[in-house]
Amino acid sequence: MTKNHYDVLEVAPTAPADEIKRAFRAQIALYHPDKVHHLGKEFQEMAAGRATALTEAYRVLSNESHRAEYDRTLGAALHSVPPAPPPGPSSSAPSPPQAEPQRASNPFTKERAGADQILRKATLEKIRQALALTGAHYDETQVRGFDLALAPKPKMFGGGKRPRILGRFVEPVDAAAVADSWSLAVKWIATPADEICVFLLGSTVAPPRELADAIAEQRRKHRTAKLTMIPIDVRSWDAHVPVDVPAVCKNLLTRLKSGN
């Protein structure tokens, strides 16, 4: 069974041409060889397969006549499923219990999980590389509930204390994700002097107003916590950056956005 082109691009069958183009450009950029060359061979092969599927879907759906023919073929396939047989004659005898149908594994779910794994691994590696370019020295550690946890190394000659950095993938990045991630992050604050910057990462991001209100609410609830949360769209590295973001995090975001 082949995944249809609309599902590949994650658009509705009624999507206009400009939406299809935007969806293709946003997704194909994630699987470009330059984005996954540092990953293992298995991930590179998965990325290449995903890129091929995206390219073929866009080739068909971006051409008006090809799309019309594809829609006719797709519609015919959907209507070719035979109807259920009519019920038999009624009987006073009780019907035998029906066995619970076994759920077959969904190849689309597996494919999507593989694509998400590629995106997640590539994103984390890009953050590590960008942070190294800032000149800030961090050690990687583990914090429950987060995909990335970085603790600053002590400075040799003192100086200002840098924030700890946390990264977490969520879908979608919305008010609920802000509240949940905030409650997890504050557990890493051991002293009033500790400062944390949280990168909330995802490819589906709520409107800026919803995110701003959610962050403001958490700040009211946790007034003593020095915590900055930055929702980020990993497709473009667009971020909702507060004015008081720590300098090292601001520098990191600039490098992620520019690709340097």
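The points below comment on a predicted model, from its confidence to its sheet, its aromatic pairs and its backbone exceptions.

1. Confidence. The mean pLDDT of the chain is 82, and 80% of the residues reach at least 70. Where pLDDT is low, the predicted coordinates should not be read in detail.

2. Sheet. The model contains an open sheet of 6 strands with mixed pairing, ordered S1-S2-S3-S4-S5-S6. Its edges are S1 (138-141) and S6 (238-239), each of which pairs on one side only. Strands of a sheet pair through backbone hydrogen bonds, either parallel or antiparallel.

3. Strand S1 pairs with S2 (residues 148-152) in the antiparallel sense, over 4 bridges. Within this part of the sheet, Tyr138 stands opposite Pro152 of S2.

4. Helix across the sheet. Helix H9, residues 247-258, lies across S1, S3 (164-169), S4 (195-202), S5 (226-233) and S6. The helix runs at about 25° to S4.

5. The model has 2 aromatic pairs. One of them joins Tyr6 and Tyr70, which are tilted, with 6.2 Å from centre to centre and 50° between the planes. Because Tyr6 belongs to helix H1 (residues 5-9) and Tyr70 to helix H5 (residues 64-78), the pair ties together parts that are 64 residues apart in sequence. Tyr6 is buried, at 1% relative accessibility. Tyr70 is at 18% and also counts as buried, the cut-off being under 20%.

6. Stacked aromatic pair. The ring centres of Phe24 and Tyr58 are 4.3 Å apart and the planes meet at 5°, so this pair is stacked. Phe24 is in helix H2 (residues 17-28) and Tyr58 in helix H4 (residues 41-61), so that distant parts of the chain, 34 residues apart, are linked. Phe24 is buried, with a relative accessible area of 13%. A pair of aromatic rings is described by the distance of the centres and the angle of the planes.

7. Charge over a ring. Arg164 lies over the face of Trp188, at 4.8 Å from the ring centre.

8. Cis peptide bond. Which peptide bond is cis, with omega near -5°? The bond in question runs from Glu171 to Pro172. Pro172 is placed in the loop between S3 and helix H7 (175-185). Most residues other than glycine have a negative phi, and most peptide bonds are trans.

9. Positive phi at Glu10. Glu10 is not a glycine, yet its phi is positive, at about 60°. The residue sits in the loop between H1 and H2. With a relative accessible area of 45%, Glu10 is partly exposed.

10. Positive phi at Trp237. Is Trp237 buried or exposed? At 10% relative accessibility, Trp237 counts as buried. Its phi is near 65°, a positive value in a residue other than glycine. Trp237 occupies the loop between S5 and S6, and S6 is one of the edge strands of the sheet.

Key. Residues are numbered from 1 along each chain as its sequence is written. This is a predicted model: local features need pLDDT of at least 70, side-chain atom pairs count only at pLDDT 80 or more; totals for chains, interfaces and linings use all residues. Side-chain values use heavy atoms; hydrogens and water are left out. Two strands pair if DSSP finds at least two bridges between them. Helices (H or I, at least four residues) and strands (E, at least two) are DSSP runs, numbered from the N terminus. Contact means heavy atoms within 4.5 Å. Axes are lines fitted to C-alpha atoms, for helices over the stretch in contact, and angles run from 0 to 180 degrees between N-to-C directions. pLDDT is the predictor's confidence in each residue, from 0 to 100. Rings of Phe, Tyr and Trp (its six-membered ring) pair if their centres lie within 6.5 Å; planes under 30 degrees apart count as stacked, over 60 as edge-to-face and the rest as tilted. Buried means under 20% relative accessible area, exposed over 50%, partly exposed in between (1.4 Å probe, protein chains only). A charge sits over a ring if NZ of Lys or CZ of Arg is within 6 Å of the ring centre and within 35 degrees of the ring normal.
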